[in-house]
Amino acid sequence: MSDILFRGGRAFLAADVFAEAVLVRDGRIAAVGTETDVLRRATPGHETVDLDGGLLTPGFTDAHIHPVQAGLERTKCDLAEVYGLPEYLERVAAYARANPDHEWIDGGGWDMAAFPGGLPHRSQLDFVERPAYLIQRDHHAAWVNTRALELAGITRDTPDPADGRIERDADGTPSGVLHEGAMDLVGLLTPRPTADDQAAALLSAQSYLFSRGITGWQDAIVGSYAGSDDQLPTYVAAAASGALKARVVGALWWDRTRGAEQIEELIARRESARGLERFSAGSVKIMQDGIAENFTAAVIEPYCRCGGTGLSYVDPALLKDYVAELDRHGFQVHFHAIGERAVREALDSFTGTDPANRHHIAHLQIIEPSDVPRFAALGVTANLQPLWATHHAQMDELTIPFLGDERSAWQYPFADLLAHGTRFCAGSDWPVSNADPIQGMHVAVNRTEPGGSVHAGYPTAQTPFLPGQSLDLATALTAYTAGSAWINHDDDAGTITPGNRADLVVLDRDPFAEPQGEIWRTEVAMTFVGGELVHRR
């Protein structure tokens with residue numbers, strides 16, 4: 001492999017620190033500095049990449065993402081690229097016509113904000129004679145038709161599972177929306193993907209993520225959940241064959257219907273991936289609550305208008321012992337926590353744990369102010385999904401009215417966390433939302449919808465959402481690079497430093513030199529993994 005010289009723009013090293021040129025040799029960063037000094041180090045016949053005024057950054061690492069699930073959904077009835085009931089039904093009808101031999105209409109990507117009260121109805125899907133199972137964009141609910149309910153034997157007498165809810169009409173008849181754990185009542189009946197399907201989905205997702213500059217990630221659910229199958233064999237096979245080029249950590253799913261007895265199984269699952277260069281499974285994912293929009297996020301005070309305080313999926317009285325044992329076995333714990341009670345329960349469970357395991361809490365939609373300083377004090381990383389911190393239909397119509405003014409002001413407090421010294425990593429939760437880190441950075445800085453977003457026409461899309469919680473671009477970029485590489489224990493990536501692996505991204509412009517309201521326009525021109533070109537626009 002010949003030397004590669006990057007010149008003709010700037011390389012981002014750290015906040016307010018840039019270099020003119022970078023040299024890569026044998027897949028590693030060999031030199032960083034002025035163009036004259038770096039060129040002196042290059043071997044004859046080296047390759048030159050002209051940045052053309054753009055920016056060279058470390059490769060992005062997505063700290064919370066679901067690529068296999070995303071890859072599978074892209075091959076099914078995909079509603080993510082359209083919005084509104086007429087458009088959804090048109091897409092369903094087209095899928096049914098194109099796939100007459102499929103026993104089910106399955107897929108997903110619908111948005112709660114497209115329906116009054118956030119809830120579609122089974123009758124809207126009854127025009128297809130086959131059973132239908134469509135996962136909500138956030139993956140916390142499913143929309144099903146009457147035929148699917150009949151096949152699953154779900155009636156007005158079917159009780160809600162402990163970790164979910166069956167939405168019902170006034171007379172108790174299931175309405176066609178299954179929340180959280182209730183999704184499995186139908187989801188497990190849908191056709192199972194084959195091993196080849198899963199492998200193809202992973203490689204399709206990998207190619208797409210490379211096009212967005214993502215060179216590594218943490219898969220936030222490796223296990224069976226919400227009708228999806230275990231992805232661990234898929235990752236192990238892809239890593240062993242060399243098909244997996246990205247660096248990936250799998251967060252093994254904590255079965256919330258079980259207790260500490262599953263830890264020995266988690267240890268065995270971790271061991272099954274040991275020794276692989278591109279994949280490891282040293283993290284455990286605990287989903288402590290649901291989401292605010294369907295009132296399953298765990299909150300301290302009851303929701304406005306509807307009452308209730310949400311769900312804590314793992315008994316808080318037991319959670320600390322589970323986390324302590326996982327910590328003793330060297331696992332990283334990766335929490336899902338949306339509501340302020342779930343965030344507090346997660347923080348409480350980390351008391352006395354080893355910071356070297358690099359525990360983190362994802363989403364962090366609502367944090368009670370007194371809990372903000374505890375992240376840094378406990379050595380817990382805040383795993384941000386910045387793209388959600390805007391005024392959009394779901395936020396303004398379904399979330400704020402049920403949280404109330406005071407609690408709504410506690411949402412996504414990035415600047416407050418930073419002021420207390422909290423370490424950040426960042427991710428997308430794709431396919432829940434856009435995988436593009438540039439779009440996430442735009443929101444982290446501006447707290448407005450990216451100008452090219454599907455929701456850009458929403459009346460308040462360009463009104464900053466709690467603008468006092470904005471981050472500067474260098475901090476946001478560092479979260480997606482050094483911060484997320486660190487959370488994956490990938491200590492020779494994430495920064496452009498001599499000796500580090502040459503996971504690099506060439507951006508088509510320098511967003512630090514552009515108006516901050518234009519960050520979203522930046523695109524990935526080239527992506528390198530270990531010095532190998534894996535994407536060119």
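Trainee: Which residues line the second largest pocket?
Mentor: This is a predicted model, in which local features need pLDDT of at least 70 and side-chain atom pairs 80 or more, while totals for chains, interfaces and linings use all residues. Residues are numbered from 1 along each chain, and side-chain values use heavy atoms, without hydrogens and water. A pocket is an open set of points on a 1 Å grid with protein on both sides within 12 Å along at least five of seven lines, and a lining residue has an atom within 4 Å of a point. The second largest pocket is lined by L72, T75, K76, Y95, H102, E103, W104, D106, P191, R192, P193 and D197.

Trainee: Which residues lie closest to the centre of the largest cavity?
Mentor: A cavity is a set of points where a 1.4 Å probe fits but cannot get out, and the count comes to 5 cavities of 30 Å³ or more. The largest cavity holds about 230 Å³ of space. Of the 19 residues lining the largest cavity, those closest to its centre are L72, K76, I135, G227 and S228.

Trainee: Which helix gives the most to the lining of the largest cavity?
Mentor: Helices are DSSP runs (H or I, at least four residues) and strands likewise (E, at least two). Strand 10 (105–110) and strand 11 (132–136) each supply at least two residues of this lining. The most, 4 residues, comes from helix 2.

Trainee: How many of the 10 residues of helix 10 are buried?
Mentor: Buried means under 20% relative accessible area with a 1.4 Å probe, protein chains only, and E340, R341 and A342 are among the buried residues of helix 10. Helix 10 (residues 340–349) is largely enclosed by the rest of the structure, because its buried residues number 8.

Definitions and conventions:
Buried means under 20% relative accessible area, exposed over 50%, partly exposed in between (1.4 Å probe, protein chains only). Grid points are joined across faces, edges and corners, and a volume is the space filled by probe spheres set on the points.
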